[in-house]
Amino acid sequence: MNFEPSDEQRLLRDTVRAFAREQVAPVAEELDRSKSFPYELVARMGELGLMGIPFPEQFGGGGADTLAYTMAVEELARVDSSVAITMAAHTSLGTMPIYLWGTDEQKDEWLPLLCHGEKLAAFGLTEPEAGSDAGNTKTTAQLTDGEWVIDGAKQFITNSGTEISGCVTITAVTDRSNGRREISNIIVPNGTPGYEPGEPYRKMGWNASDTRPLSFDGCRVPESNLLGRRGDGYKQFLQILDGGRIGVAAMGVGLAQGALDEAIAYAKERRAFGQPISSFQAIQAKIADLSAQIEAARLLTYRAAMERDRGDPFTLTAAQAKLITGRLAVRATAEAVQIHGGYGCIEEYPVCRFYRDAKILTIGEGTDEVQQMVIARQLGC
């Protein structure tokens, strides 16, 4: 396998790296502290083509592959996870279902707006009783007089309540007859009567991203808002989660790399006992271990992306990558804080924010325990 990026992939990676360092890094701490959604940064990402990287150019996308997209997510997370998850959730979870299963009319209506970053897309799967047990959906959609009447609730939904949120694709039970639970996916535009995004959560991390509960009370959308075939919802969201795990794994790699970058820079400057602490073997051992582990995790994540691009099965590799990168991000940020000492607990230092942002990577897009279950099943257990 050739892991050397193409000229196009390298150009995109370098463009995102420069954007992250020059435009995201200077405002990341303030956005986190004030819990402000980064509207200006999202608009700039739209102008740079970062909100539609893996989608065809005919819809305003970048026409790039999954590996290029993975590199872009990694570079954003290296500086700020809130901006990274805003782009990743919009792409992998919000826009991808419409691209994969939308009708020509649905694609023409939504993809240009989403690829240009004029609107954000969300994916409504998780519910109070349907998290890891995602098939236990309670939200219902009843077809009445040519409309879907939706009732229920979702939680932990990213990009659903901003001023530029355009739509959410939700899973809902569309038939309970004959003892079956038919699950389908339906597009619900923001502003539809009966659909209300709740107040944003107060979170430990990702403070500049938008995460809310959603409620549906007699919400009516046209029958044509059904996404793909009726009853395919369960199969569809499993496929979406597989792809989304590559993006989350890229976030884990990027966050771990960002933490290591900060730790190395600080260790070279901080002096103790008359010398930089980077000269102490204890610090060198931490840095060396993290460097090796990050590179291994990066290659596994890239492999998952390349398998997807080739059209090969990638469920196993994506789950493996998501599992180890989340844990690595937690470990890397903890070590970076340790190397910073007391300053690692001060908000002005990025590692403090990185530490808070890391834990969700072991939970979102499928907990570590779910990844272990997926991996074991893929191995025939």
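Trainee: Where is Gln9 placed?

Mentor: Gln9 sits in helix H1, residues 7–34; a helix is a DSSP run of H or I with at least four residues, and numbering starts at the N terminus. This is a predicted model, in which local features need pLDDT of at least 70 and side-chain atom pairs pLDDT 80 or more, while totals for chains, interfaces and linings use all residues. Residues are numbered from 1 along each chain as its sequence is written, and side-chain values use heavy atoms, leaving out hydrogens and water.

Trainee: Why does Gln9 count as buried?

Mentor: Its relative accessibility is 10%. Buried means under 20% (exposed is over 50%, partly exposed in between; 1.4 Å probe, protein chains only), so Gln9 counts as buried. Of the 381 residues of the chain, 53% are in the buried class.

Trainee: What does Gln9 touch, beyond its neighbours within four places in sequence?

Mentor: Asp65, Leu67, Ala68 and Met71 are in contact with Gln9, contact being heavy atoms within 4.5 Å. The side chain of Gln9 also reaches the backbone nitrogen of Ser6, at 2.9 Å.

Trainee: How much of the contact set in the chain, at a separation of 6 or more, joins residues 24 or more positions apart?

Mentor: Such pairs make up 73% of those contacts.

Trainee: Why does the radius of gyration of the chain agree with a compact globule?

Mentor: The rule is 2.2 Å times the number of residues to the power 0.38, and the radius is taken over C-alpha atoms. For 381 residues a compact globule would come near 21 Å, and the chain has 21 Å, so the two agree. Along the principal axes, the C-alpha atoms fill a box of roughly 80 × 45 × 40 Å.

How values were computed:
Helices (H or I, at least four residues) and strands (E, at least two) are DSSP runs, numbered from the N terminus. A polar contact is a pair of N or O atoms within 3.5 Å; within protein, one must be able to donate a hydrogen and the other to accept it, and residues adjacent in sequence count only if both atoms are side-chain atoms.
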